[in-house]
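This briefing reviews the architecture of a single model. Please consult the sequence and the structure shown below while reading.

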Amino acid sequence: MSKKEQLTAAIQKSYQTDKPVIHLGSAILDGEIISEARVSLPLRMMNRHGLVAGATGSGKTRTLQVFAEQLSAAGVPVFMSDIKGDLSGIAQPGKSNAALEERSQVLGNVFTPKGYPVELYSLSGKKGAQMRATILEFGPILLSKIFELNDTQSGVLAILFKYADDKDLPMVDLNDLKKVLNYLSEGPGAAEIKGDYGSISSSTAGTILRKIVALEQQGVGSIFGERSFDISDLIDRVDGQGIISLLNISDVQDKPALFSTFMLSLLAELYQKLPEAGDLDKPKLVFFLDEAHLLFKDAPKAFLDQIEQVIRLIRSKGVGVFFCTQMAQDVPVSVLSQLGNRVQHVLRAFTPQDADALKQTVKTYPKSSFYEIDQVLTTLGIGQALITVLNEKGIPTEVAATHLLPPTSVMGPMVQADYDQHVQQSSLYQKYKDPVDPESAYEMLTKRMEAHAKAEEETKQEVTEVKKQKEEKGMLSEALNSPLAKQIGREVVRGVFGMLFGKTTRSRTTKKSGGFFGF
């Protein structure tokens, strides 16, 4: 048996299943595409998570497009970020050409152009339906990542959340966060929290406030507030096809901490709100985190711990997560170990660091009897990848250098007029377009501070009045006790007694004189 026949038999045995699959392509051996050596990924194993990696320009975006198309066709909703704004073409059928037809033919397929149901979202509200989350939904750990806070500042942020939770103060938007910060650092709440929570220094409060203001000035403060995004809108279908939800971040791609953390917040909310599902024949949702290295860059331990926990546990909720990045080393080992499905595009080894990364990547693959993995990884062409996935029994499949299927939809963005029309016709765009301003921590604390100020003013007036009365009483007492007042008092008393008794004396004297002379 030739090596080609051996590889074909090994691939067919390793990837064989009678369950629904995502067809990725066919194996390559010594530059030859073997159409019958079909490489696929069982739908029921897509909640075992995965990694799509490779150098810039190697075809990762089109691989994601192939995933999204076939998942949608199988009735599985998809969420993915659109970093450069060039995935919106999935909504429209692709145009056939000789290259696409030839590529499909060598893979044993027929190229059939097709578009898929797409919902467009945006963090700014300018590129699609506005995605929002409340401050409370984000929580202190994710907000600390966005604001790039140190451990001390993150601890203070945690105090704000704890206080708001204890006192039933809903923090919805950045105004609420600023109000709680001001109330507890400089307002009436400063004395209140000292015993139970600890005091907040003015310098730390000032730093956090500056971070909040900077985010507002960047024009993306609108992502915090109501109406908050309902994750059930991601798990939707149209005519039996799963909705492909695209978060267009081309207008905020210079704020990687913001959009990467926001996507993680959606993932965390899915974990918190979805019921346990167990092992399903196909996932409820597949979540693609593109440019995953941005998520982990300079991430604090608490943040990494939260990611690891979500990835480890969300599988039981029927959600699959795929990280997309340039190198496997961009993903922490604790997370990488949970990614059972690997699609590795070409790696470049131009520098010593690249060579070290290549060696580390090779170690993550099962041994192969057909490929020198380090050589294959550096010689793959565009639209080719080294693949190993989990079969339906959870066993890693034979490693296969794979010639990938082309997408059947447009490989690029929709023209602007079509894009704008697609957004305007969306019911979800209308649903989330206008913000809602409910009574929240800002209003509640404003009333509390006004009442406190009023009470202080009344107390101050009372104190002033009492002091005034005391002063007046003191002045009167002082005046009455002065030597002059006493002298005047004596003279007055003497005069009064003189008036009362002087006349009587004279009367009595006259009578006495009259009696005497009358003898």
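Which residues of the largest nonpolar core touch the most other members? They are Phe67, Met131, Leu177, Leu267, Phe287, Phe288 and Phe323, in a core of 141 residues. The model is predicted: local features need pLDDT of at least 70 and side-chain atom pairs count only at pLDDT 80 or more, while totals for chains, interfaces and linings use all residues. Residues are numbered from 1 along each chain as its sequence is written, and side-chain values use heavy atoms, with hydrogens and water left out.

**Nonpolar core**

- A nonpolar core is a set of buried Ala, Val, Leu, Ile, Met, Phe, Trp, Tyr and Cys residues joined through side-chain atoms within 4.5 Å; buried means under 20% relative accessible area, exposed over 50%, and partly exposed in between (1.4 Å probe, protein chains only).
- Of the 141 residues in the largest core, helix 9 (residues 256–273) contributes 9, the most of any element.
- Helices (H or I, at least four residues) and strands (E, at least two) are DSSP runs, numbered from the N terminus.
- Phe288 is in contact (heavy atoms within 4.5 Å) with Leu64, Phe67, Leu71, Val78, Phe79, Met80, Ser81, Phe322 and Cys324, leaving aside neighbours within four places in sequence.
- In soluble globular proteins, nonpolar side chains tend to be buried together.

- An open sheet of mixed pairing is formed by 12 strands, in the order 2-1-14-13-12-3-11-10-4-9-5-6; two strands pair if DSSP finds at least two bridges between them.
- Its edges are strand 2 (32–42) and strand 6 (129–130), each of which pairs on one side only.
- Strand 3 (residues 50–53) runs parallel to strand 11 (residues 319–325), with 4 bridges between them, and is also joined in parallel to strand 12 by 4 bridges.
- Gly50 has a bridge partner in each of these neighbours: Phe322 in strand 11 and Asn341 in strand 12.
- Strand 12 pairs with strand 13 (residues 384–388) in the antiparallel sense over 3 bridges, and Arg342 stands opposite Thr388 in strand 13.
- From strand 12 (residues 341–344), Asn341 and Val343 point one way and Arg342 and Gln344 the other, and all are buried.

**Strand 4**

- Strand 4 (residues 78–82) is largely enclosed by the rest of the structure, because 5 of its 5 residues are buried.
- Val78, Met80 and Asp82 are buried on one side, and Phe79 and Ser81 are buried on the other.
- In a regular strand the side chains alternate between the two faces of the sheet.
- Strand 4 is joined in parallel to strand 9 (residues 244–248) by 5 bridges, with Ile244 as the bridge partner of Val78.
- Strand 4 also pairs in the parallel sense with strand 10 (residues 285–289) over 3 bridges, where Phe287 is the bridge partner of Phe79.

**Helix 2 and the residues around it**

- Helix 2 (residues 60–73) has 14 residues and reaches 20 Å from its first C-alpha to its last, close to the 20 Å expected at 1.5 Å a residue; the expected span is 1.5 Å times one less than the number of residues.
- Gly75, which follows helix 2, has a positive phi near 85°.
- Gln241 in strand 8 (residues 241–242) counts as buried because its relative accessibility is 17%.
- Not counting residues up to four places away in sequence, Gln241 touches Ser72, Ala73, Gly75, Lys114, Tyr116, Pro117 and Asp236.
- The C-alpha atoms of Gln241 and Val76 are separated by 7.0 Å, although the two residues are 165 residues apart along the chain.

**Aromatic pairs and charges over rings**

- There are 11 aromatic pairs; rings of Phe, Tyr and Trp (its six-membered ring) pair if their centres lie within 6.5 Å, with planes under 30 degrees apart counted as stacked, over 60 as edge-to-face and the rest as tilted.
- Phe67 and Phe322 form a tilted pair, because their ring centres are 5.5 Å apart and their planes are at 50°.
- This pair links Phe67 in helix 2 with Phe322 in strand 11, 255 residues apart.
- Phe67 is buried, with a relative accessible area of 0%, and Phe322 is buried at 1%.
- Phe67, Phe288 and Phe322 form one aromatic cluster.
- The charged end of Lys145 sits over the ring of Phe303, 5.4 Å from its centre; the criterion is NZ of Lys or CZ of Arg within 6 Å of the ring centre and within 35 degrees of the ring normal.
- Lys179 lies over the face of Tyr442, at 5.1 Å from the ring centre.
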